[in-house]
Every structure is written in structure tokens, then in C-alpha cells.
Amino acid sequence: MKRFAALLERLALTPSRNGKLRLLVDYFGQTPDPDRGLGLAAITRDLDLRTVKPALLRELVSERIDAELFALSYDYVGDLAETIALIWEPLGPPLDPALSDVVAQLNGAGRAGAGAEMARLLDGLGTSERYALVKLATGGLRVGVSARLAKQALADFGGFYVAEIEELWHGLQPPYRQVFAWAEGRADKPVQAALAPFRPVMLASALDEAVLAKLEPGDFLAEWKWDGIRVQATAEGTERRLYSRTGDDISGAFPDVIAHMAFEGALDGELLVRRASDGQIGAFADLQQRLNRKTVSKAMMARFPAFIRAYDLLEAGGENLRPLPFAERRARLVPFMTGLPAERFDVSPLIDFAHWEELAALRAAPPDPVIEGVMLKRRDSTYVPGRPKGPWFKWKRDPHVIDAVLMYAQRGHGKRSSFYSDYTFGVWNGEGQLVPVGKAYFGFTDEELRQIDKFVRDNTVERFGPVRSVRAEPEFGLVLEVAFEGLNRSKRHKSGVAMRFPRISRLRWDKPSAEADRLETLEAMLPPA
Amino acid sequence: MTPDALLHPRPEGLYCPAGDFHIDPVRPVARALITHGHADHARAGHGAVMATRRTLDVMAIRYGAGFAGSTQVPEGVVEVNGVRVSFHPAGHVLGSAQIRVEKDGVSVVAAGDYKRLADPTAEVFEPVRGTVFITEATFGLPVFRHPNPQAEIGKLLTSLTRFPERAHMVGVYALGKAQRVIRLIRDAGYDAPLYIHGALKKLCDYYEGEGIALGPLLPATSDAEPKDFAGRIVLAPPSAFAAKWGQRFPDPLICFASGWMQVRARARQRGVELPLVISDHCDWGELTDTITELDPEEVWVTHGREEALVRWCALNQRAARPLHLVGYEDEAEE
């Protein structure tokens, strides 16, 4: 438990990906089984733990400390779990339980005994461990580490590809003894045991238009690139699962799709939603309403029914199709889809083209607003996990670009901790005021970062903690050219718009601030309401 | 005479009408008694200043020799206009003192900032009895329980071996915290040179001169190559990390030694990757234990979270009230 608590403590405050990976790799190396596997499962949210309600914890605390003192403390600290961890005075003998002991004790305590068990543990643990315990027990472990990153760390630890872990993952159970044994060279790679496992996906690289001339159009198949999310729909026997492209099981959020997966095999495709109001394919913002949920309401499913636009077939009736060329897999995909309800499953159509110029023209004027470009896949490409260079390309539409004025800057983390590196920018509204429309923290070179940093320091108007507001007036200000992928309506932002994937594409030292773009320009780019 | 008549708050600071002096005044006054050298307690420009020799030394280092019209080091009990005044170690930083004020059988002990935890870089706190005990409440909430500082330094040294390519930048205030952290690092067996920001040098030299060994300290100057700082400990005032000064270090890992680091949100807000919970102040347990030990007739609670400590006193049948003094930095130097 001590090691796990220390790990959480460091992870929560370590901003860099590499730093997090290293802390996790260390933890795996220094912690014996089964604790390291339970710690991993806690982070990937695969740990089966009976949780306790915050109300129970409040009740426990109220037996120990005056309500007013607790209220003052909670008000100051701002986080219930942390307040409890800090305020709890350990009255019992010091305990140094293994994480596995804690998990077993919480699971074994039963509903009635949970309170007493928590109190006993809190009484014996140190501050960090109490915090970890409360976070674990309330199911609120947020340490800024995705399941994917934890799996990457496991792959780093064992010296294998993360795709290998992802492929196995759904057949594995905490504490993952076989995987750690494999990682340490004490055992062979575990055999996939689960039904409907995830197959690590093949990714496309961005097309460099300069290489286009060297490519032979006849070698490629083209299809639209839809602005949804990449999913894998896998059904085997009684098991049906929907995976995100990183192998996270998102079945719970899409029972409407799962219900119609009456097939044996694995489809690769784009998850999209339809707008019940007008029958059109929903924009990404509509799809977003249905993402990141454990469950979904009937009303939401009726408003935004989900469907899969399939583009590849990885497995059919127990046969692994991944070694076949793409053209052959496509040929198998079409008949595979015929029995499925068309409102839930359809095939991503191929684009007919003879020359790159022709395709470029089609790409510039796509038939649906939810298209964000075209995909090019070599006819002969086999399906290999990862992002191999050459067989698949994504050729996105040119990004939108606007000129905005720098309004606020915030200090960065890690390597950038002394630099103002996170920028909020705005455009002019009808009343001649700047309204913030987005925030970007990349797209510039180190040298440009230094220049902006200096500008921020030299032109600070106000400070709010790590944030500075900078001079931004019609006569004076720094204009940033901002590129972004799309625009949505937003109630959260004062400007009413929210950008997708904004980044700084150029610094316009030359451009007068008054000539930056206006809100009307952005509003005109919004999809129809 | 009531304790209130002996000592009460005024905009300039705590004032004793009978003795016509202020304690830790925040504006220039004719006669000031000063508990310790932190900038919000010890200001320049008073007429006469009474403080421990070390506090006067610190003020001279910070403000120059002419920081006051005249200075006096109190020896034993001193009479000031008929008020009996004495200074007693507070354990906060080197030279820090509590000030006891007495007249007509009524006495008030103004503890200033203090701590009870053993610290080789400060004198040991002396329990002093009085009718009234004025306590600070910087960490006056039951969530503050300072851990063993040696264990906190252990975290720093562990991180150094884990991230040997990163410069470990430890935020420390120049008076007290810097020297205490250095001493703790030495006591943990780390004897390589430590790199210090220019703002720490004079006070580190002063501590050395007072017999507190700090080991080899080198300037963290711009002559050195950035890579020279990889895997090294650099100490500087926290404000320096945000300034341009902080930009030259390789992939800096920001640490901050402060009692505030107990609260995660505080660490996150400041961009601290490695919080070191090391404080110059009492934690909740030390505060409440001290009040119990001294058992004064009344407790006055000042700068910090007065409300909670006053509430604790009420729960424990002790007379207490908040003393609203203005001008002390609530959370800055500690």
C-alpha cells in the first residue's frame, strides 16, 4: 500500500508523459505480485472493488471530529477524500498492509462491516496511504493516467509492443501474474483466452502532398474520412463488444449498436450518430454527447442513435482476415454486412477517381459536412497494428485558419515550467471587444515560445496566480494565426463557439491587432444549427 | 490593568500604550520590538528597534546597516517606560523570539511565528507563561499535520536518482527555510555541492558564521552549462522559477519546501511536481499542545486560520478570541 500511495502521489503531480511512464515502470519493477497487478488494475479501472459511499465516510469522520472544524477544513482543502485523509487522526496501531490485503479486506467486509473496516484501516495508515485508500474505496482514482498509458508502461517494463498488451488485455484478470512473469522473462506470452478480444488497430499517417506525385492512383482505394470515432465491433459466441481504437471497452455506452451485432467476426469502422431531428449524420459535437459515459439514457439513444460505418473486416466466422490484402478484405466486407440492419451498419463507400487532381477536387467539396477528408489505402495492404509508413494515408481537408489576438497566457509544466506557454486568444465582437474563442499550447517552435514569453512578460496587465492577462487593444496586441479542425456551438464559452484541435500556426508580429478576425467570421464557419 | 489595555491591535501593529512601543509593526513607528527577521514582521525605517542580536543581524543584511535609528539587544528582562519586556526563543528561524510583556501582574506572551519540532538551524522554543498567550494560526486547521522533515528530504533524494537528467529546483525562502532544507539534506548524507540562487547567499553565509554548517554551496550562475545542473539540487526563492532565471535549467523538476504543500491543490496550482512538506510553523497538533501546556487564562489567535483554533479552544473550555492584525502575509513566507 505504501508504494501504491507514493506512486499515486507522484503521478498526480507529474505532468510529462515520459515522467509518468518512468514512475509506473519503477513501480512494476519494485513491487511484488500481486500488488503491482492490483495497482495497475486500479489505474486502468479494471479492479473489482466494493466501493463505499462518501456519505459513509462523512459519518465516520463526524464521530471523530467536530462538524465545524471539519467544515472549515473541507472548505480550505476543497477535496473530500483529501480532507478526510489529512484530518483523520490515526489512533490504532500502525499498519503496513499490502495493497492486496486492503482489497481483500474491503471486499470481504460486506455492506454492514464496510464502515468499521475503513475506520480500522484509516487508523493504522499514514497520510498518503489514507488518501490512496479513500480514493480507491470511493472509486474516484483520478491521477491523470489513462488506461492506455498504464498499458504502455507495462509494455516498456517488459520490452514488448503495447499492441501485444492491448490484444491480450480483455482475456486477462488482475493481478496479471502471467503478464508480469512474461515481462520478466519467466514465462511465455500468455495465450488469448477471452471471447471477442480487441485487435490492435492499424493507423494511417498524414499525407505529405509532395509525395503524392510518386504514388500510383491505381494502387490505392479511396474513401471518405468521417468525423466520428474509430471503433472495433467484435462479436464471438455470446460475447459482443465495442472497443475504442485504444482498446477501451465502450460497449456500455452503445447498447443500441451492441443489440444489432448479430454476426461472428470483427469489424473496423467509424462510429457516428444520426440526428433524430432531421435524419442527418450528427457532427462530432453530437457524437460527443454519447461518449465517455458508462451508461446511456433511452432519451439520448432516441435523440442520437448510433451506427457504424464499416471500412474493414478483420475476422469473419473465426477466420483471421488480417493477413489478406485490403482489396480482398473489402470484397469480403460487403457480403458480410448484407444481413445487418442498414440503420445500424453500413459500408463506407469507395470514392471513384482516376487522378489525384480528381480526388483533390472531391476532397475540397465533400458530399456531407461530417466528412473531414479522404483516406487512401493501398489495395495490397495487409492489416498490421500500429502506424506503418506507406500503406495508409489520411488526407484531411485544409484546416481552418483565423487571426486572433493573444489575451491570456498561463505558465506551462515540466520543460516549459518557466515559460508562458498556454495561450488564450480572442477575436473582435460587434461591440469592438475581444471575446476569447479558444486556447492553444502548441504549434510554435522553441524560439517562438521564447519570443511570446518575452512579449507576455513585457506586456502583462494583470496576474491571476499562474495566469497573466496581456495588453490586447485595437492599437496594440500580438496576433496569432490559429489553425483548427472544426468549430462547434458552445454554451460554455462566452463567444458561443468552441474550436476543435486549435494550434498556433504562425505568429503575426506584422499584423495590427485591429485587423484580426471578427466573431462573425467564425460564426459563419459554424455548422447549421 | 486588563490584558487588552496592556496590548492591543492598531493599524500599525500590536501596540503597548504603557510602554509606547509596537510589536512587529507593519509601518514605521518610533519604537518597535521585533520577533524575527521575515520581511512582513521586520521592516526598515523604525526609530528604535529592540530584537535579538541575530534578528538585528538579519535585518542589517537585508536592509543595510542604517535600517533603524537605533537598535538594542535585550538582556534578560528590560524595562521600557515601566513595562517589563523579555525575549524568549520561538524556534521559527534563527534568532526568532517570543516577546513577553508584563505590567502590574498582567502579562501577555506574543509568540510571533513559532514551531516546536526540533530544528538544528533555530533555537529551541521556550515555553513561557503569561496571562494571555498570542498564538499564530498559519496552519491552524486539523488537516495540517506536518510529516517528518527527514522523510520529505528522502523523497527529494530518491527523485534525484530516478530522474538524474533533470535539475531538481527546490523552492525555499531565503531566511530560515533555505538553511533548514540544506541542513536536512546534509543530515541525510548528501554531501555534493548544492547550487544556490544569489538571493540566498548572504543569509547562508550568515548561518555558517553562526556555527550552522551547510556544506559546499556553489552559485547557480549563468556561467555554468545547463547540462551541469542535470541531477543537481538547485535552491532558489520560489518566485525565481517563474522568472527568466529559471529558464536555463535542463528539464527542471520543480520542488517546493513548504507546509502548504500538504494540500495537493496548492502544489498543483504552483506547478510543483515534488512537494516537500517542510514548515517553519507549528502544525495543528503543536498549536493545540502548546496551548494546553501553557494553559493561559486567555488565548488570542492571529494571522492564519483563526476561526478553527478559536473553535478548538471553545470545545476545550478555553477563553479565546481572534486578534485581527493587518499586514502580515498570510501564506507567503513561512
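Author: A salt bridge here is a side-chain nitrogen of Lys or Arg within 4 Å of a carboxyl oxygen of Asp or Glu. The model is a predicted one, and by this rule the count comes to 60 salt bridges over all chains.

In chain A, the side chains of K396(A) and E372(A) form such a pair, with N and O 4.0 Å apart. K396(A) belongs to strand β11 (residues 392-396) and E372(A) to strand β10 (residues 371-378), so that the pair links distant parts of the chain, 24 residues apart. The two partners can be described by their accessibility: K396(A) is partly exposed, with a relative accessible area of 30%, whereas E372(A), at 15%, counts as buried, because buried means under 20% relative accessible area.

Chain A also holds a salt bridge between D286(A) and R275(A), at 3.4 Å from N to O. D286(A) sits in helix α14 (residues 284-288), while R275(A) sits in the loop between β5 (265-273) and α14, and the pair therefore ties together parts that are eleven residues apart in sequence. D286(A) is buried, its relative accessible area being 14%.

Turning to chain B, D295(B) forms a salt bridge with R318(B), and their closest N and O atoms are 2.9 Å apart. This pair too links distant parts of the chain, 23 residues apart, with D295(B) in the loop between α8 (284-294) and β18 (298-304) and R318(B) in the loop between α9 and β19 (320-322). D295(B) is partly exposed, with a relative accessible area of 45%. Elsewhere in the list for chain B, R53(B), R54(B), D57(B), E123(B) and E210(B) are joined into one network by salt bridges that share partners.

There remains the boundary between the chains, where 42 residues of chain B are in contact with 39 residues of chain A, and where the buried area is about 3,400 Å², carbon and sulfur atoms giving 54% of it. Across this interface the rule finds six salt bridges, and one between E165(B) and R22(A) has its N and O 2.7 Å apart. Between chain B and chain A there are also twelve residue pairs in polar contact, both residues at pLDDT 80 or more. On the side of chain B that touches chain A, the elements that give two or more residues include α3 (149-162), β16 (253-257) and α9 (306-315), but the largest share, six residues, comes from α7(B).

Note on methods: Residues are numbered from 1 along each chain as its sequence is written. Chains are lettered from A and ligands numbered from 1 in the order in which they are written. This is a predicted model: local features need pLDDT of at least 70, side-chain atom pairs count only at pLDDT 80 or more; totals for chains, interfaces and linings use all residues. Side-chain values use heavy atoms; hydrogens and water are left out. Contact means heavy atoms within 4.5 Å. Buried area is the accessible area (1.4 Å probe) that two parts lose on being put together, summed over both. A polar contact is a pair of N or O atoms within 3.5 Å; within protein, one must be able to donate a hydrogen and the other to accept it, and residues adjacent in sequence count only if both atoms are side-chain atoms. Helices (H or I, at least four residues) and strands (E, at least two) are DSSP runs, numbered from the N terminus. Buried means under 20% relative accessible area, exposed over 50%, partly exposed in between (1.4 Å probe, protein chains only).
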